[in-house]
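Dear colleague,

Please find below the structure that I am handing over to you. My notes on what was found in it follow.

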Amino acid sequence: MKNFSKRLMKIATAASVLLLAGGILAGCGSTGLSNSSGSSSKVEKKAPKDLKIGVSISTLTNPAFVNLKNVISDYAKKHGSKVIIDDANNDTSKQNNDVEDLITQKVDALIINPCDSSAISTVVKKANDAKIPVICVDRSADSGKVVSTVASDNIAGGKTAANWLIEKLGENAKIAEIQGIPGASATRERGKGFDSIGDKKLNIVTKQTAQFDRAKALTVTENILQAHSDIKGIFAQNDEEAVGAARAVKAANKKITIIGFDGTLASLNLIQKGQITATIGQQWNKIGQESVQKVYDHYQNKKVPKNDKVAVKIVTKNNVASFKKQVYNK
């Protein structure tokens, strides 16, 4: 009888330990990063006027990102939020240091436009450890917990560019592809979309990177024109590259169909002048505003989608004026 009582005591003790462990684990599951989109645990609610938002932009030499910065800043200030904005100058080390500094300043949220989707993952994880929610904009992070990524549908945009070139130049037309920064999600996605069609229905004679840079694209295009003087078209993975390519084509006195990607004012102006034929226009006003709104929704425990794909559209001479008015109010 005594042995039976001892066995009962052991069973009761084990059950108590299991229940206690379960309670501890359940408590550990609640962090400031959780919201109704991915967890049943809640964050402490904060009004926009009580939020300090840190923003890291990959580069402010690109007019598209200057516009993105302005939209984010204006939308946040309109709602009473404090905003701290850093320019990474397309330097992954600087961007990581900038984000670490923002974490040290105890910002309530981070909006990051990564230089490199892999390199940024280190500081995304540090933000996770500090329980600071992260929103990625235009480009994603390869790892770490991100509340939401707000970006254009880059794969669909790449496909649209390929189909548009086929429509304008015909199948098997000789074209060149100027790629962006290796490692950036936008480079991978735009290339994936474009190549999924272009590799089959166009004659892509060369694919070269210009690092999303205007000056580098000019040099790259000059070299392409020397090696492949008979190309009929160019797909540039961003508008800065398209502008550089257009300058090289103009200097060479050639007529080549050029399509870019972004919808920057510099590109739109050259479309109006006939030096660039088209661009895949991104709705920068919506992308910037949505990235800040995701922070507000997170701190109101609203459902936040993991990915917010913003639609793109072909912009040509026919609709460039209306696109400029819609996106830039010009």
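Helices (H or I, at least four residues) and strands (E, at least two) are DSSP runs, numbered from the N terminus. The model is a predicted one, in which local features need pLDDT of at least 70 and side-chain atom pairs count only at pLDDT 80 or more, while totals for chains, interfaces and linings use all residues. Residues are numbered from 1 along each chain as its sequence is written, and side-chain values use heavy atoms, with hydrogens and water left out.

The protein has eleven helices and twelve strands. Of its 330 residues, 49% are buried, that is, under 20% relative accessible area with a 1.4 Å probe and protein chains only.

Helix α6 covers residues 185-201. Its 17 residues, at 1.5 Å a residue, should span 24 Å, and the end C-alpha atoms are 24 Å apart, which agrees; the expected span is 1.5 Å times one less than the number of residues. A kink of about 40° in α6 is centred on D195, the bend being the angle between axes fitted to the seven residues ending there and the seven starting there. D195 is also one of the buried residues of α6, which include F194 and I197.

Technical notes
Buried < 20%, exposed > 50% of the residue type's maximum accessible area, 1.4 Å probe, protein only.
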